[in-house]
Amino acid sequence: LHTILVDQGSGCFTDEGHGSNVVILARPFARLSWYWPTVQALVERGYRVVAVEMPGCGCGARLNRAWRFEEYAQWLAGFLAAMELEDVLLIGHSHTGAVAMNVAATHPQRLKSAVIVDCVGAAGPRSILAVLVGCAMCIPFEVRFVLRGTPRLAFNLARHGRNFLVQFWRSVRADVRPSASEGALPVLLA
C-alpha cells in the first residue's frame with residue numbers, strides 16, 4: 001500500500017494494472033484486503049484499479065472527529081486530483097456508496113460513471129436495532145463472510161473506534177435519496 005496526504009488527512013491506496021481507470025472505495029468497516037479478489041479480476045480484464053482506504057479507515061489517518069459523507073467526498077475529489085485520475089469509474093459499496101454518490105453529484109469532473117452497491121440510506125433512515133437484528137439474522141447464512149470479516153472489522157474498531165461508531169450511526173441514519181437525483185453521470189445502482 002502507498003500513503004498519500006490530501007487536505008486534512010492521509011489515506012492508503014494500491015494502484016494495479018493498466019487501462020481504463022477504476023477506483024474502489026473501501027468502507028470504514030472493512031479493509032482493502034476485502035476487495036483484492038475484485039481488484040485482481042478487474043486488472044485481469046485490462047483495467048487500472050486504484051483501491052483506497054480513506055482517513056478514518058484501515059491504515060488511513062486517525063481523525064480528530066468523524067467526517068460526514070460530504071467531507072469524505074471532498075477528500076476523495078482531492079485524491080483523484082492528486083493522482084491525476086480522469087474518466088474514472090468510481091465504485092462505492094455500503095457506506096462508501098453514499099460517498100461515491102456524493103462525489104458523482106458534487107465533483108463529477110473527473111468521473112465517467114459510478115457503480116453504487118448496497119448503498120446505505122438508499123431506502124432512507126433506519127433504526128439501529130433493525131440494522132443489528134438484520135445483521136444477526138444473516139450470520140447463519142454467511143458464516144464464512146463473518147469469519148473472514150471479523151478481524152478486519154475488529155482492526156478498524158480498535159484503530160478508529162470513535163470514527164467507526166459514528167460512521168455506523170451515520171450509515172444507519174443516512175438518506176441518500178435526495179443526492180441520488182443530483183448527479184448527471186451514468187450510475188449503476190446495485
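Let's start at Phe 13, which counts as buried at 9% relative accessibility. Here, buried means under 20% relative accessible area, exposed means over 50%, and partly exposed is anything in between, with a 1.4 Å probe and protein chains only. A word on what you are looking at: this is a predicted model, in which local features need pLDDT of at least 70 and side-chain atom pairs count only at pLDDT 80 or more, while totals for chains, interfaces and linings use all residues. Residues are numbered from 1 along each chain as its sequence is written, and side-chain values use heavy atoms, with hydrogens and water left out.

Back to the aromatic rings. The structure holds three aromatic pairs, and one of them joins Phe 13 to Phe 79 in an edge-to-face arrangement, with 5.6 Å centre to centre and 70 degrees between the planes. Rings of Phe, Tyr and Trp (its six-membered ring) pair if their centres lie within 6.5 Å; planes under 30 degrees apart are stacked, over 60 edge-to-face, and the rest tilted. This pair links distant parts of the chain, since Phe 13 sits in strand 2 and Phe 79 in helix 2, 66 residues apart. Helices (H or I, at least four residues) and strands (E, at least two) are DSSP runs, numbered from the N terminus. Phe 79 counts as buried at 0% relative accessibility. Together with Trp 75, Phe 13 and Phe 79 form one aromatic cluster.

The structure holds one disulfide, formed by Cys 12 and Cys 59 with their sulfur atoms 2.0 Å apart; the cut-off for a disulfide is a pair of cysteine sulfur atoms within 2.5 Å. Cys 12 lies in strand 2 (residues 9–16) and Cys 59 in the loop between strand 4 (47–53) and helix 2 (69–82), so the pair ties together parts that are 47 residues apart in sequence. Cys 12 is buried, at 3% relative accessible area, whereas Cys 59 is partly exposed, at 26%. What about Cys 57? It is in no disulfide, and the nearest cysteine sulfur, that of Cys 59, is 8.0 Å away. Cys 57 counts as buried at 3% relative accessibility.

Next, find His 95 in helix 3 (residues 95–106). His 95 is buried, with a relative accessible area of 1%. Leaving out residues up to four places away in sequence, His 95 touches Arg 27, Pro 28, Phe 29, Phe 69, Tyr 72, Val 120, Gln 167 and Ser 171. Contact means heavy atoms within 4.5 Å.

Finally, turn to helix 6 (residues 161–173): its axis comes within 5 Å of the axis of helix 5 (residues 143–159), and the two cross at roughly 115 degrees. Axes are lines fitted to C-alpha atoms, for helices over the stretch in contact, and angles run from 0 to 180 degrees between N-to-C directions. Leu 153, Asn 156, Leu 157, Ala 158 and Arg 159 in helix 5 meet Gly 161, Phe 164 and Leu 165 in helix 6. Helix 4 (residues 128–138) packs against helix 6 at an angle of about 100 degrees, with their axes 9 Å apart. Ile 128, Val 131 and Leu 132 in helix 4 meet Phe 168, Trp 169 and Val 172 in helix 6.
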